[in-house]
Amino acid sequence: MESIRVTIKKGTVKIETSGFAGPACKAATDGLAKKLGKTVSDEPTAEMFDQPATLDTEIGR
Amino acid sequence: MSHVEEVEVECDDLDVLQAAVERCGGEFMFNQRTYAWWGNWLNDWRNAERSAALQGRDPTTFGKCEHAIRVAGKPGKNGHSGPWEIGVIAKGDGKFALDYDNYGSAGRALEQMFGVSCGRLKDEVAAEITERELVRDGWRVSRADVDGAIVFDATR
């Protein structure tokens, strides 16, 4: 099952995904990340190149 | 005393900002052109990181705004006892400026509700954007407050 967790604390937003196939996780969260502000780190995990994929994005506000 | 601070918030949607204000316990006052503060600029605050005047803002603009934010049901009043308000000004670059006077008990009352430098309000804006975007994209979304963080879990 595809899932997204967004954690917001003290001006920082962290977006974590799991269960996506390959780079689909990035496509699913890009729009949200752009709306939220400037991405300060974007860390595809090793799983991004397998299936399912995960991606951690951190946004500073 | 006048300690006016300008805080930028990444948001260009008044509806989102209003919802975030209400989450904090505040009230959004559309088209209120002034916000309550000390009332006149005394040039008495030397905090270079937070003072709007030291960051180049024209002090004659303090107290003026396009919309205002207040503690729900409490009309603002200039002067030391307040209650004071937050001014909202569109910056035209996808951001709003939030102006407020953080001095004394009237300033602290705003910070208790909206956070120091409007930090709690900014987090609620991010939460509102997040929830709206995820729901729009067809996700089932739940929200929880965990150890001071706002956490959304979305599945589909």
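Biologist: Before we look at the charged pairs, what counts as a salt bridge here?

Modeller: A salt bridge is a side-chain nitrogen of Lys or Arg within 4 Å of a carboxyl oxygen of Asp or Glu. Keep in mind that this is a predicted model.

Biologist: Good to know. Which residue does Asp153(B) form a salt bridge with?

Modeller: Its partner is Arg5(A), and the closest N and O atoms are 2.7 Å apart. The pair crosses between chains: Asp153(B) sits in strand β7 (residues 149-155) of chain B, and Arg5(A) in strand β1 (residues 3-9) of chain A.

Biologist: Let's go to the helix of chain A. Which residue pairs with Asp30(A) in a salt bridge?

Modeller: That would be Lys26(A), with an N to O distance of 3.6 Å. Both belong to helix α1 (residues 24-36) of chain A and are 4 residues apart, so about one helical turn separates them.

Biologist: Why does that spacing matter for the way side chains point?

Modeller: An α-helix has 3.6 residues a turn, so residues three or four places apart point the same way. As for accessibility, Asp30(A) is partly exposed at 29%, and Lys26(A) is partly exposed at 30%.

Biologist: Where does α1(A) bend?

Modeller: At Asp30(A), by about 40°. The end C-alpha atoms of α1(A) are 19 Å apart, which agrees with the 18 Å that its 13 residues should span at 1.5 Å a residue. After the helix comes Gly37(A), which has a positive phi near 135°.

Biologist: Which residues of α1(A) are buried?

Modeller: Cys25(A), Ala28(A), Thr29(A), Leu32(A), Ala33(A) and Leu36(A).

Biologist: Which residue of chain B does Lys35(A) meet in a salt bridge?

Modeller: Glu133(B), at 3.9 Å from N to O. Glu133(B) lies in helix α3 (residues 119-136) of chain B and Lys35(A) in helix α1 of chain A, so this pair joins two chains.

Biologist: Is Glu133(B) buried or exposed?

Modeller: Buried, because its relative accessible area is 8% and the cut-off for buried is under 20%. Lys35(A), by contrast, is partly exposed at 47%.

Biologist: What do the buried residues of α1(B) pack against?

Modeller: They pack against β2 (26-29), β3 (67-71), β4, β5, α2 (104-114) and α3 of chain B. The helix covers residues 14-24, and its buried residues are Val16(B), Leu17(B), Ala19(B), Ala20(B), Val21(B) and Cys24(B).

Biologist: Where is Asp93(B)?

Modeller: In the loop between β4 (86-90) and β5 (95-101) of chain B. Its side chain reaches the backbone nitrogen of Lys95(B) at 3.3 Å. Asp93(B) is partly exposed, with a relative accessible area of 44%. Asp93(B) and Cys11(B) are 82 residues apart in sequence, yet their C-alpha atoms are 9.3 Å apart in space.

Biologist: Now the core. Which members of the largest nonpolar core touch the most other members?

Modeller: Of its 45 residues, those are Val6(A), Ile15(A), Ile69(B), Leu98(B), Phe114(B) and Leu121(B). The largest share of this core comes from α3(B), with 6 residues.

Biologist: What does Val6(A) touch?

Modeller: Leaving out residues up to four places away in sequence, its contacts include Ile15(A) and Leu32(A) in chain A, plus Leu134(B) and Phe152(B) in chain B. There is also a second, separate core of 11 residues, with Tyr35(B), Trp37(B), Ile89(B) and Ala97(B) among them.

Biologist: Last one: how do the elements of chain A run from the N terminus?

Modeller: The order is β-β-α-β-β, which comes to 1 helix and 4 strands. Chain A has 61 residues, and buried ones make up 39% of them.

Methods
Residues numbered from 1 in each chain as written. Chains lettered and ligands numbered in written order. Predicted model: local features only at pLDDT ≥ 70, side-chain atom pairs only at ≥ 80, totals over all residues. Heavy atoms only, no water. Buried < 20%, exposed > 50% of the residue type's maximum accessible area, 1.4 Å probe, protein only. Polar contact = N/O pair within 3.5 Å; in protein donor to acceptor, adjacent residues only side chain to side chain. Expected span 1.5 Å × (residues − 1). Bend = angle between axes of the 7 residues up to and from the residue. Contact = heavy atoms within 4.5 Å. Core = buried A, V, L, I, M, F, W, Y, C linked by side-chain atoms within 4.5 Å.
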